[in-house]
Amino acid sequence: MSLQSTIMDAIKSAMKAKDTLALESLRAIKSELLLAQTQAGAQEELSEEQEIKILQRLVKQRKDSAEIFTKQGREDLAQPELSQAAVIEAFLPKQLTVEEVKQIITTIIKQGEFTTMAAMGQVMGIASKELAGKADGKTISNVVKELLSK
């Protein structure tokens, strides 16, 4: 079943349950997917990879907003953002733990014989492709920095 049909089913369930938070989150996903499909030069159907990137971007936006609200002492605004991020994350594939990401990046560094921070860009490129949809960019970046700075 495609992500769009899954989202539509979830929207119907949220409407029946009168879950406004989930409904708002699901409508945001639906909107982003439709925008991506109707962009000039877009294919008729989005690939699974494109859908995952859209979902990851939506989660990141909400977490970033929540972080800003928290810094400003606005927990009343931060909490709904985090709740929406949780709803959206439910449609993403299971994310790898930091330890699993470290193991994969360690293997990449050993195979490519990368030893200095100068190779960070190369390692990030390889790791981002291999871990696409399985870990967020910030986690990958932090692990690469940690491993290359040893």
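Which residues in H1 meet which residues in H2? I opened the notebook with that one, working on a predicted model.

**Entry 1: H1 against H2**

I listed the contacts from both sides. H1 contributes Leu3, Gln4, Ile7, Met8, Ala10, Ile11, Ala14 and Met15. On the H2 side I found Ala22, Leu23, Leu26, Arg27, Ile29, Lys30, Leu33, Leu34 and Gln37. Then I looked at the geometry: H1 covers residues 3-17, H2 covers residues 20-38, and the two pack at an angle of about 155 degrees with their axes 9 Å apart. That angle makes H1 roughly antiparallel to H2, since anything over 145 degrees counts that way. The crossing of H1 past H2 is left-handed.

I stopped at the loop between H1 and H2, where lysine 18 sits. Its phi is near 55 degrees, a positive value in a residue other than glycine. With 71% relative accessibility, lysine 18 counts as exposed.

**Entry 2: stepping back**

I wanted the overall picture next. The protein has seven helices and zero strands, so the pattern along the sequence reads α-α-α-α-α-α-α. Along the principal axes, the C-alpha atoms fill a box of roughly 55 × 45 × 25 Å. I noted that buried residues make up 31% of the 150 residues. For contacts with a separation of 6 or more, 58% come from residues 24 or more positions apart.

**Entry 3: H5 against H6**

How do H5 and H6 pack, and at what angle? I read off about 135 degrees, with the axes 10 Å apart; H6 spans residues 120-130. H5 and H6 are therefore oblique to each other. H5 passes H6 in a right-handed crossing. From H5, I saw Ile104, Ile105, Ile108 and Ile109 meeting Val123, Ile126, Ala127 and Glu130 of H6.

The loop between H5 and H6 holds glutamate 113. I checked its backbone and found phi near 55 degrees, a positive value in a residue other than glycine. Glutamate 113 counts as exposed, at 69% relative accessibility.

**Entry 4: arginine 62**

Is arginine 62 buried or exposed? It is buried, and yet I found no salt bridge for it. The nearest side chain of opposite charge is glutamate 81, 4.4 Å away. Arginine 62 belongs to helix H3, residues 48-71. Leaving aside neighbours within four places in sequence, I counted as its contacts Ala28, Glu81, Gln84, Ala85 and Ile88.

**Entry 5: phenylalanine 69**

Not counting residues up to four places away in sequence, phenylalanine 69 touches Arg74, Leu77, Ala78 and Glu81. I also looked up the C-alpha to C-alpha distance from phenylalanine 69 to glutamate 81: it is 9.3 Å, for residues 12 apart in sequence. Phenylalanine 69 counts as partly exposed, at 22% relative accessibility; the buried class would need a value under 20%.

**Entry 6: salt bridges**

- Lysine 60 bridges to aspartate 64, with the closest N and O atoms 2.9 Å apart. Both lie in helix H3, four residues apart, about one turn of the helix. I noted aspartate 64 as partly exposed, at 34% relative accessibility.
- Lysine 71 and glutamate 67 meet in a salt bridge at 3.5 Å, N to O. They are also four residues apart in helix H3, so about one helical turn separates them. Lysine 71 is exposed, with a relative accessible area of 68%, whereas glutamate 67 is partly exposed at 39%.
- Lysine 102 forms a salt bridge with glutamate 146, the closest N and O atoms being 2.9 Å apart. This pair links distant parts of the chain: lysine 102 is in helix H5 (residues 98-112) and glutamate 146 in helix H7 (residues 137-148), 44 residues apart. Glutamate 146 comes out as partly exposed, at 32% relative accessibility.

Conventions. Residues numbered from 1 in each chain as written. Predicted model: local features only at pLDDT ≥ 70, side-chain atom pairs only at ≥ 80, totals over all residues. Heavy atoms only, no water. Buried < 20%, exposed > 50% of the residue type's maximum accessible area, 1.4 Å probe, protein only. Lys, Arg positive; Asp, Glu negative; His and termini not counted. Salt bridge = Lys/Arg side-chain N within 4 Å of Asp/Glu carboxyl O. Contact = heavy atoms within 4.5 Å. Axes fitted to C-alpha atoms, helices over the stretch in contact; angles between N-to-C directions. Parallel < 35°, antiparallel > 145°, perpendicular 65-115°, else oblique. Left-handed = near helix turned anticlockwise from the far one by under 90°.
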